[in-house]
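Trainee: I am new to this structure, and I would like to learn how to read its features one at a time. Could we look at it together?

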Amino acid sequence: MPQPITDIYLPRQAKVEQIIVENSQISTFVLAFSDHTYNNAFRHQPGQFMMVSMPHCGEAPISISSTPTRPGAIHLSVRRAGKLTAAMHGLRTGDTIGLRGPYGRPFPMEQLQKKDLLFVAGGIGLAPLRGVINGCLDQRDQFGTLTVLYGSRTPSDIAFQSDLGLWKKQGVDCRLTVDAAEPGWDGAVGLVTSLLDDLKPNVNQSTTLVCGPPLMFRAVLGRLASMGFSDHQVLTTMERHMKCGVGICRHCHMDGKMACADGPVFSLAELRQLKIMELDG
Amino acid sequence: MPHTSELADSHLLKKDHLKGFLRKLAKEYRLVAPVRNRHSDVLFTVIDDLDAAEIELNEPPQNSLKQFFLPQQERLYTYTTSPEGYDFQPIPTSIPPTVYFGVHPCDLSAVLYMDVVFSRRQRDPFYLRRRQGSVLIGINCNSPAPKCFCNATGSGPFIEMGSDLQLTDLGDRFLVEAGRTSGHGLIERWQGFFAAATDKDRAARYQAFLEARGRFSRQVHVEQAIRRLEADAVPDEVFAELSLRCQDCGGCAYLCPTCTCFTISDQPLDAISGQRLRSWDACTFAGFTAMAGGHNPVQAKTEAIRQRFTHKLRDDVRLTGRPSCVGCGRCVGICFGGTDIVRFVERACQGSL
Amino acid sequence: MQDVLTTCVYCGCGCGLYLHVEDGQVRGSQPSRHHPVSRDNLCVKGWHIHESINHPDRLTTPLIRKNGVLTPSPWEEALDFTARQLGHIRDQHSGSAIGVLASAKCTNEENYLLQKFARTALNTNNVDHCARL
Amino acid sequence: MTNSINEIENAEVILVSGSNTTEAHPQVARRMLDAVDRGARLIVIDPRRTRLAECAHLHLALRPGTDIPLLNAMMRVLLDEGLADDLFIEMRTENFLALRDMLNRLDLEATAALTGVDLPLIRQAAQLYGRARKAVICYCLGVTQHVCGTENVQTIANLAMLAGHIEKEDTGVDPLRGQNNVQGACDMGALPNMLPSYQDVANQDYRDKFERAWGVSLPEAPGMTLVKMTHGGAQGPIRAMFIMGENPMLSDPTLNKVEETLRGLDFLVVSDIFLTETARLAQVVFPAACFAEKSGSFTNSERRVQMVRKAVAPPGECRADSEIIMALSNRLGYAMEYDSSGEVMEEIALLSPIYGGMHHDRLEQNWGLQWPCWDRSHAGTPFLHKYYFTRGKGHFMPASHTEPGETPDQEYPLLLMTGRIYHQYHTGTMTRKSERLSRECDHAVLQINPKDAKAMGLRQGEMVRLVSRRGEITLAASITDQVEPGMVYTTFHFAEAPINRLTNDAFDTGSGCPEYKVCAVRVEKTMSS
């Protein structure tokens, strides 16, 4: 007898509870499933993503920027890039969208326990790391020192400012840099790699989580290697075009791996096995 | 390949009675078989009138079973937006229980591969609702077609698994082997059509296999290409040369019985409603990997072509132990620029033995 | 479920292709293997020809401009109105005040009928199509 | 085409001129590349380094509009090196002396310089072509869409006749027809000067024949061409138009003039499957059935007449164009009663000699028939000009260089060429409805050489304004060495960047073909960048 099959592609309705404008291009959408029972039971792990549906726009993968330690709401931080994300930026509180997930291999939180964690991000790249950082803060005694290096184009492009402020208050070493200064900016100017120069991490005790555009990514990897980080101590999350989210449709192929199901979180050691543009240029 | 079927449950069906048997099946199942139409093309076709259909078991059909389990374009949901919210309604599809008759070993292997793709990581509801309740009746290939190379991919010309019933043409009769419980059930149900096969019949099957194996018109060194890919020994120039010739038609992927890449997209019906479609896609298209905003992690055609061949001949071997090219030859000779898998295998193996 | 052989409309090559019909809708296309032009393959346009056939943006009802707006109207009204307008101009000016554009995308039979219509009913040789584009 | 498409793969030398074959005629390109795989030599004449040019043995990147001098130079080489086919010229042609005299007067160096192609390359091309036993020339709109299009075509014919490369299987001159049934529309007499089957409307005998069959008297004077009809202006002589399945609001040159003309009409009726840019201007729009919803026939580029079959019912209230035409004709006092498209074809066969043996029952069998097909016992004609040319002997028509209607100057320093792209068809009415085709290519780009881009400080993908004397559009720059410095190229498929607002309405007086391949433009940076 044919068994009933769960419809893995069916989006569930979720309501926009709050919109946090992070900068002119990035907003964080605080969402809850309309089905309260489902919403209360929903759990994810940091580094996973949701497939988001918007009317007439199809679906796109968006990484979850909230931490599972604060259940009840899903945060999706979204940069305006294409048709679907542009439509999301037109959402208002109370509107509904479609969600399915969570999908993908998360950050290995258990392996990170007791470690000093160094987060390096550029632009929207801080979104997937935000959930990890907040998770660490919620279980502060399980992790070592927390350092966040964050690069933006200009001071007014600096996103997640309220998070950065809260993190600083809770003892996170947050350091910012911009590509181009504006009047009133007295912080660092230059690539995020330059912030690494000032750090003296206990490399053996540390793991680095990197997320940002390909150019930044490559530059940071070079710098980390010269600081003594091994490829196993560097984690990242990959961005790819996705359609199914569950490892079938192959749009997110990475030399034999699927970013959606084998990733999106990979260690640099794993990525080195693959021919991918992020590493080969 | 063992010289007799591992499943000793074998029977005889006289060719004279094939149509009678199919007529019985057609009463309880939808019947699909390769039919030569009035334009002389052979297509897997839903047979409504058994007497009018010219079932063709020699020339391989131009389409495969892919389009029955993964249609070229399938409607998944309708959606509406209203003040109450944004709501998806699944589109119900009732697929009648279907007998797929006259399936060649390459296409049977392809179905087995698709079963893995659509249930390994997640059970794909849309594939499975079409696949469940299907009965596969295979036919071994006594005379492989000129473009065939299933001998090189381990998926023919005879096959030991994958079908419910497996037929071998022994001249005036078919040797029928029941591969699965459902196959035994079919034979039991209509046992009047079948006689017990003797060792002589099984010997005749083996003889047919030996002769078929000798009838391939080309040697395609698939295993060697697999080894070269695994050793990363295929020069970049091979992919560059092939990519210059690729004309971006997608035909190789669309005709391929194991190319299962798909896309999901929305088609608005009006301002507040629409439908979500799933349709075939091809990894050689530039837009296959392009992300919102224009960035494309596959930056050159060369890389797309590399992905196509490494997926079939390296990644799937790692995953399932065998290539997902089943040697059916459909993509051979149809490429606008001559970038087919046989040419790739030739180029990849150049200068090595 | 049915596959109907027809001729592609996307260039002068004239591929033979099958339209795959399911539930009264065209859901796919595939080349004819033995057709002398298509020879078992289509270009990317031919492989996606079904997407424009069953597209929701298709016109489905006659439109008449009413108060400046193209408004859905019954066939009889649209045909009567058109015939009256064309007849009026033909009779008042002459057939040569009417221009008729046939189509390189329509069938031979339709092109034949349209030029015949122009030359007989409208009494004009002003009939052409974008042959040179 | 004088040959069949499949003959191309058997040629020894293929000379392609003004055809972006891989993009516009993929199946023809497939035969060319197959031929190359079998050892054939491929020569491409194109100002741009197209994909086909990349696969070619010789690429002659001529200056746009210099086809005639280039071909004349090739012919001179044939003469000088004894590669002319004297026997063929003697037996099958006339007026050779005029051509020979013209060629002998030619200054070869200066002619080559005019074309911008190195003389040794021209010589090599001529030798390859001249020495081949089986050679085809394929040409397309890159040859015809010039003010001297007719002379360009005649010069190609001169070259083929001089080398004796015509009249045989796998050998000939093959104009590639762009649209799916442009051949058929011409054959059917959808032309202002021709009745069906190219029977001249000015000829009393032909008119008599049709008047007897149709039962009315026919207008004698040839009608107006499309460009004349659509460019008459608001107060032009045309007061009403009936447009069936065409979109001149995107496809015709100098669109501003087209829009003025169409808006100025007393009455415009359009029959189409989508609400096109042209239909938006109409007083009445008829919803037409598309090709999958009706039966009939198309004629392809190799003159093959093949069936179009109904697969599904038309959506909503759509009707086939034939039904619409009949309903209007009946209302206008001319009775038309056909029960089927097959009945129409019977009338076509009756009145059009080249379609004389074409009836639907025959077209249903095999793969249609190639015209001429004189009667029901005739098997059709895979290649033309066997034993004799249609007009008797092949007539050499010497031609010399004609400057384009507009050339770059200080104010408009760049030369604009327009054409087609693989993923879109014509005005995009159908192809742009496809999710996949749109994903692969959904906007117009302006190809510009890196040198010119650098001089202007353009970045890849930057939006630029393209300006000609007739209008301007905005589109994205695509920096590529596919185009030479001083040239830019784009396509006409996209309503957001209607390039024909810019193109010149200079046209070939011989054919009425607009000069889409050459006009003068300049590129400006947009404010936003």
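Trainee: In which sense do strand 7 of chain A and strand 8 of chain A pair, and over how many bridges?

Mentor: Please keep in mind that this is a predicted model. As a general idea, strands of a sheet pair through backbone hydrogen bonds, either parallel or antiparallel. In this case strand 7 of chain A and strand 8 (residues 146-152) of chain A pair in the parallel sense, with six bridges between them, and within that pairing A121(A) has Y150(A) as its bridge partner.

Trainee: Over how many bridges does strand 7 of chain A pair with strand 11 of chain A?

Mentor: Strand 7 of chain A pairs with strand 11 (residues 206-211) of chain A over six bridges, in the parallel sense. A residue pair to look for there is V120(A), which stands opposite V210(A).

Trainee: Why can strand 7 of chain A be called largely enclosed by the rest of the structure?

Mentor: Strand 7 of chain A spans residues 116-122, and six of its seven residues are buried, so the rest of the structure largely encloses this strand. For the chain as a whole, 49% of the 281 residues of chain A count as buried.

Trainee: How should I read the overall form of chain A, and what radius of gyration does it have?

Mentor: Chain A has a radius of gyration of 19 Å, which agrees with the value near 19 Å that a compact globule of 281 residues would have. Taken along the principal axes, the C-alpha atoms of chain A fill a box of roughly 60 × 45 × 40 Å, and the chain holds nine helices and 15 strands. Among its contacts between residues at least 6 apart in sequence, 69% join residues at least 24 apart.

Trainee: Which domains does the assignment give for chain A?

Mentor: The domain assignment gives domain 1 (12-103) and domain 2 (109-237) of chain A, and the centres of these two domains, taken over C-alpha atoms, are separated by 24 Å. Where they meet, 15 residues of domain 1 of chain A are in contact with 17 residues of domain 2 of chain A. The side that domain 1 of chain A brings to this contact has four nonpolar, eight polar and three charged residues.

Trainee: Which residues have the most contacts inside the largest nonpolar core?

Mentor: They are I14(D), I43(D) and M74(D), in a core of 392 residues. Helix 4 (residues 67-80) of chain D gives the most to this core, with eight residues.

Note on methods: Residues numbered from 1 in each chain as written. Chains lettered and ligands numbered in written order. Predicted model: local features only at pLDDT ≥ 70, side-chain atom pairs only at ≥ 80, totals over all residues. Helix = DSSP H or I, 4+ residues; strand = E, 2+ residues; numbered from the N terminus. Rg over C-alpha atoms; globule rule 2.2 N^0.38 Å. Buried ≥ 20, exposed ≤ 12 C-beta atoms within 10 Å, placed from the backbone. Contact = placed C-beta atoms within 7 Å. Core = buried A, V, L, I, M, F, W, Y, C linked by C-beta atoms within 7 Å. Pairing = 2+ DSSP bridges. Domains from an automatic or database assignment. Nonpolar A, V, L, I, M, F, W, Y, C, P; charged D, E, K, R; others polar.
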